[in-house]
Amino acid sequence: MLSASHRLHADLLSPEENQAAYGKCNNPHGHGHNYVVEVLVGGPVDAETGMVVNLATLDEVVRKRVVDRFDHTNLNLDPIFANSVPTTENLCRAAFGLLKDAMPAGELEYVRVEETENNYFEYRGE
Amino acid sequence: MVFLTRRATFSASHFYWNENWTTERNQQVFGRCANRNGHGHNYTLEVTVAGDPDPVTGFVVDLKWLKDVIEHEVLAVYDHRHLNLEVPEFAESKLIPTTENIAIAAWQRIEPAIRAKGGARLTCVRIYETAEIFAEFRGGA
């Protein structure tokens, strides 16, 4: 899980258009969420360990690449969102990009980010 | 492409009964669910749409809009209702309100609005009847 703030605001849109598109998420002071990140890895079960991937290693990769980067930060200020709005759609794609080539074993199947208990986003890399 | 899922809950009563069967056969197949006095559940509805985030807004679809569609098309009709008696697609024994059929019916209620709006397509409707049981409909036959 990671806790972060964001403000949904598109520079290409006027203040009125931003308000219409994002409503209360356009609040200039931002707001925050406790994001829950799920990482699904697929692959063969290793004959010696009986594991697809060592969970402790996977945990560490996700922590270093995603959680440590975004936890207790303002997403709008992260360079990864320099040219895009930090919606949870884009956070999900960003997390996938940060993890894709870092799997200790197996293949990254998808990244799912839960923004609230009522909505979540899933990106499978295409 | 990003898959976006919105959850909502509603509470409704129903019973299972096939009018073409005898009472014994209904009780044999449906067990406790055949009680004609009905029973109820807290249902959780999950609606998944897929699309590419808009390059300007970063949205696949406006979540508030999707929430309103779910509320208008499904919750306003199903919530705190008796599905067999008060919901058109199930009334007069047209269709047994099993979790499977509710998933299909909810899809049919929501899909036209999502198609009309464009930009994202409906990929899945999942209905949890209890925490242990859910049915999922992905369109098609």
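**Strands across the chains**

Modeller: A starting point is one bridge between the chains: E122(A) has its bridge partner in β1(B), and that partner is F3(B). Keep in mind that this is a predicted model.

Biologist: In which sense do β5 of chain A and β1 of chain B pair, and over how many bridges?

Modeller: The strands concerned are residues 119-123 of chain A and residues 2-14 of chain B. One of the facing pairs puts F121(A) opposite L4(B). The pairing of β5(A) with β1(B) is antiparallel, over five bridges.

Biologist: Which strand of chain B pairs with β1(B) in the antiparallel sense, and over how many bridges?

Modeller: S11(B) has N42(B) as its bridge partner, and N42(B) is in β2(B). Strand β2(B) covers residues 39-51. The antiparallel partner of β1(B) is therefore β2(B), where a pair needs at least two bridges; the number here is 13 bridges.

Biologist: How do β1(B) and β3(B) run, parallel or antiparallel?

Modeller: Strand β3(B) comprises residues 81-82 and is joined to β1(B) by two bridges. A12(B) stands opposite R81(B) there. The two strands run parallel.

Biologist: Which element gives the largest share of the side of chain A that touches chain B?

Modeller: The contact involves 20 residues of chain A and 15 residues of chain B. On the chain A side, α3 (88-99) and β5 each supply at least two residues. The largest share, five residues, comes from β5(A).

Biologist: How many nonpolar, polar and charged residues are on the side of chain A that touches chain B?

Modeller: The side in question is formed by the 20 residues of chain A in contact with chain B. By class, they are nine nonpolar, six polar and five charged.

**Chain B and the cores**

Biologist: In what order do the elements of chain B run from the N terminus?

Modeller: Chain B has four helices and five strands. Its C-alpha trace spans about 60 × 25 × 25 Å along the principal axes. Of its 141 residues, 28% count as buried. The order is β-α-β-α-β-α-α-β-β.

Biologist: Which residues of the largest nonpolar core touch the most other members?

Modeller: This core has 50 residues. Its largest share, six residues, comes from helix α4 (residues 99-117) of chain B. Apart from it lies another core of five residues, among them L8(A) and V85(A). In the largest core, the residues that touch the most other members are C92(A), V49(B) and A106(B).

Biologist: Which residues does V49(B) touch, not counting those up to four places away in sequence?

Modeller: V49(B) is one of the members of the largest nonpolar core that touch the most others. Leaving out residues up to four places away, V49(B) touches L4(B), V60(B), V61(B), L66(B), I114(B), A120(B), R121(B), L122(B) and T123(B).

**Helix α4 of chain B**

Biologist: What covers the buried residues of α4(B)?

Modeller: The buried residues of this helix are I102(B), A103(B), A105(B), A106(B), I110(B) and I114(B). An α-helix has 3.6 residues a turn, so residues three or four places apart point the same way. The cover includes, in chain B, β2, α2 (63-78), β4 (121-128) and β5 (134-137).

**Positive phi**

Biologist: Is H72(A) buried or exposed?

Modeller: H72(A) is not a glycine, yet its phi is positive, about 55 degrees. It is found in the loop between α2 (55-70) and β3 (73-74) of chain A. There are 11 other C-beta atoms within 10 Å, and 12 or fewer is the limit, so H72(A) is exposed.

Biologist: How many other C-beta atoms lie within 10 Å of E92(B)?

Modeller: E92(B) also is not a glycine and has a positive phi of about 55 degrees. It lies in the loop between α3 (83-86) and α4 of chain B. E92(B) is exposed, and the number of other C-beta atoms is 9.

How values were computed. Residues are numbered from 1 along each chain as its sequence is written. Chains are lettered from A and ligands numbered from 1 in the order in which they are written. This is a predicted model: local features need pLDDT of at least 70, side-chain atom pairs count only at pLDDT 80 or more; totals for chains, interfaces and linings use all residues. Two residues are in contact if their C-beta atoms, placed from the backbone, lie within 7 Å. Ala, Val, Leu, Ile, Met, Phe, Trp, Tyr, Cys and Pro count as nonpolar, Asp, Glu, Lys and Arg as charged, and the others, Gly among them, as polar. A residue is buried if 20 or more other C-beta atoms lie within 10 Å of its own, exposed if 12 or fewer, and partly exposed in between; C-beta atoms are placed from the backbone. A nonpolar core is a set of buried Ala, Val, Leu, Ile, Met, Phe, Trp, Tyr and Cys residues joined through C-beta atoms within 7 Å.
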